[in-house]
Amino acid sequence: MKSTHPQPKQTDLLQGTLHLLILKTLSTGELHGLGVSNRIAQITQGVFQVKPGSLFPALHRMEEAGWLTSEWGASENNRRAKYYKLTKAGQRQFKTETEDWQRIALAITGALQAT
Amino acid sequence: MPLLPRLASLWRNLLRRPQQEQELNEELDAYLELLTEQKRNAGLMPEAARRAALLELGGKEQVKEQVRETRIGYWLETLWQDVRFAVRVLRKQPGFTLIAILTLALGIGTNTAIFSVVNAVLLRPLNFKEPEQLVWLWGTVPKFSQANHSPVEFLAFQSQPQSFTELAAYRPMSFTLTGDAQPEQVQGMIASANYFTLLGVPPWRGRSFQSADGQPAAPRVAVLGYDLWQSRFGGDERAVGRTLTINDEAVAIIGVMPPQFSLNPVTKLWLNPRQGVPDFLMNFRGDVRTLREQHYLRLLGRLKPGVSLIQAQDELDALAARLEQQHTDQRGHGARLVSLSELFIGDLRQTLWLLFGAVILVLLIACGNVTNLSLARAMARTRELTIRAAVGASRFRLLRQLLVESLLLALAGGLVGWLLSVWGLNWLLAQYPDAILRAPEIKPDVRVLLFTLAVAVGTGVLFGLLPGWLATRRDLTGVLKESPRHATGGAARTRLRQSLIVAEVALALVVLVSAGLLVRSFARLTAVEPGFDAANLTTFWLTLTGARYGTETANVRFLKDLTARLEALPGVQAIALSNDFPIQGTDTHDSLAIEGRNLAPAERLNVGLHVINPRYFAAMGTRLLQGRAFDERDNTSAPPVVMVNEAMAQRLWPNENPLGKRLRFGAPDQPWSEVVGVVANLKHDGLQLADSPHCYAPHLQQPWPFITVALRSSLETSALLAAVRQTVQQLDPKLPLIEPLPMTARMERTLATRRLTLTLYSLFAVIALLLATIGLYGVMAYSVAQRTHELGIRVALGATARDVFRLILRQGMTLVALGIAVGIISARLVSGWLAAQLFGVTPADPLTFAALAALLALVALVACWIPAWRATTVDPMIALRCE
């Protein structure tokens, strides 16, 4: 049986914005990989469906940068899963990237409205 | 991304690889399970849920690969993979690998060898303090600019130190060491007290000279060289403070210098002067400081920081002019500065650059060969590469793989080449010990290692890039369709192969012609008439210094006795005594006043002066042209006489009879000497120099403490020596023979550098020829193998074996002819630079060019013959059938 959710258009996701979204989802608590992609889909109203091929490289990249740490734990239904959590550095990074994004967004919006 | 976490991750990635892989695997499995469960909860059947989950995952391996790719240090891992793969591939083709490595070893090794020499001689500074400030002062007299200085000049130059912080002088001397151990003769010098301060090298043990040692009444002290300390004292720490008897004087040892400290490797000992200025002779009784006529001092200076050579030269010129005004008989004496390193390098610089040029050409030929080999191999691997491209390998990745292979080959070749060069150079320098002045310093060091590495890497990139580029072209379908059997790779690749061969032949010809010109020069040089008969001459030195020979009478008497006894020895036919040996250089020069000609000092002729015994010319085999030779009657109670050589007679008295003319050396109060004979020209200063004027005085009238002895005998030197030694010992047990050698060995020494250069060049020429020939053969053989199909068709259509043979041969020889043509033009350009090294041969010598071009053509013909002959053995049926 097919899913009844409408399939929104897959929008190209720049690596930077993916990082930002992952930081956002993890800012409220720790999640495992599937949890992250579900949450991203949720908070973007289904606009961004992150495939594992993009998600996992991003998660590992961010872990290497020291913004996330990971540890194995039990999931909701007692299955083993790898949980990711923001580090202090990650929180700082989240703040920085959010500010950058808002500044960029403001500038572009203003540019588009200019005559 | 912050640095520290990056490094930590890099570390983790490299070391904990297996664990990470496993974790990733588990993580993805976990993801899959969770997703499946999620889908099941959404309402799908377990099977469908699992399938949907798998679809969404998009392929576990792909995801894993994508994660791996983003990992830090990923490229490093893949590089390591490439290296391991390359090693495997190369091992599978040992033939290619071996040939490539050997070829590269020859190319890189020769470069390393020459660079080692360049490094030691040209690049490394001398091991004195701030060597770039050190200068050498040649004395200039009219018509001769490599003279020594007199004490008056030294003191004058030293007293006005505007440009110099220090100016030191020394007198090379031969010392007889007697006393505790065996009597020994060593070369050394008497040096002014500031000698060691000027050079700025601290002593190894004890102390070196201080200014107190230069005071007029200072006791005589000695500083030992490291080698002498080891050889005579066994490195004994208590040697400092002991007393040595040197030339019958008791001298205290005050210190030892470090190893390899010396301007001249033969200097083993340094003594301080007795009057501040180095003595002319150790037992000289007069006041040395007033000596004006004796030019025996060598001068060294250290420039003040910031002062240039030109500024110092200007100051010295002004000083010399002032001196001339003060002493009108200074006869235009001045000084000429050269930097000390220039002195050491001499004319080796040009020779070395020439050799360097040759090895670069050899390297290019080697690269050409390996490029051709790589091209052939890349063609064979096209299928493999294309398939890899088809399943997703990027071009960069493929190219990198091929580059890693070529770099591995190049580094291996570099390593073998390095070893070859170290052994080869050591062996070669041992054969020619006198050829290069700084030879003991030629050792591999960091710079040479870096150079070798750079050459290897550069070579690897050079011959790997082009074939790699061509092989990884994205021509998928065409390549996959084409049968590898008769794929020549298209016109572009064939043209590349052919151009490489043409270039190699041309380069080989350039090296061959250069070597040929040098060989002919050397042959011409050794064929020069030296003006005496060099065969069967046993030679040695004696130094009649020391108290026993203090008076002229003692000196003369000794030599008279010696001559009588030596002549009585069986096998000895004649004896020649002088103050220097021919070919090795004239010891003393002076400018003459000629009776009847009032010449200003600056215009006077500067001639070589030699003191000889009466039988000298007869013994040396030099012709007497006019007049008479000296005899026993020409002694101190007879009027002074001289003999002149032909060059001098022609110079001074071109249309007159020189006999009876009078000339004068020295101060105006000296008596005139009459010319009594004219002899043929002797090459006193070297075979390659033109004849210059020389003048001879009888030993009985001008006794000299440093005597060269040449015995003409029917016996070999080795056979004669024992008897000669015994004879001398009988007369004076403390007088050793210095440097007993056959005359031919002495002449050989002057030719040593040239001979070494020649040997090296010829070696490189042979290597170049070998490599080019092998390359030609390889390309021809490959081409024939690839064209089996085509040749089969030709034969089937009626071509005879002869036609096929001619076809292949003609194609091969066309390339060779083209190469030779280009080579001749290039060689002519290059030989222009060679001109300074040539003797008796013009740079455009047609004989050399023609002979070597013919040789190359012949060898190339042989190289083409075999593949051409093989082509005729192609069986058309087999050729047509194979696909």
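**Rings and charges**

I started in chain A, where R80(A) sits over the face of W72(A), 4.2 Å from the ring centre. For this I needed NZ of Lys or CZ of Arg within 6 Å of the ring centre and within 35 degrees of the ring normal. In chain B, R664(B) lies over the face of W672(B), at 4.9 Å from the ring centre.

This is a predicted model, so local features need pLDDT of at least 70 and side-chain atom pairs pLDDT 80 or more, while totals for chains, interfaces and linings use all residues. Residues are numbered from 1 along each chain as its sequence is written, chains are lettered from A in the order in which they are written, and side-chain values use heavy atoms, without hydrogens and water.

**Aromatic pairs**

I paired rings of Phe, Tyr and Trp (its six-membered ring) with centres within 6.5 Å; planes under 30 degrees apart are stacked, over 60 edge-to-face, the rest tilted. That gave 20 aromatic pairs over all chains. F128(B) and F261(B) have ring centres 5.7 Å apart and planes at 85°, so they are edge-to-face. The pair ties together parts 133 residues apart in sequence. Both F128(B) and F261(B) are buried (under 20% relative accessible area with a 1.4 Å probe, protein chains only; exposed is over 50%, partly exposed in between).

Next I checked W204(B) and Y226(B), also an edge-to-face pair, at 5.7 Å centre to centre and 90° between the planes. W204(B) is partly exposed at 39% relative accessibility, and Y226(B) is partly exposed at 22%.

Methods:
Helix = DSSP H or I, 4+ residues; strand = E, 2+ residues; numbered from the N terminus.
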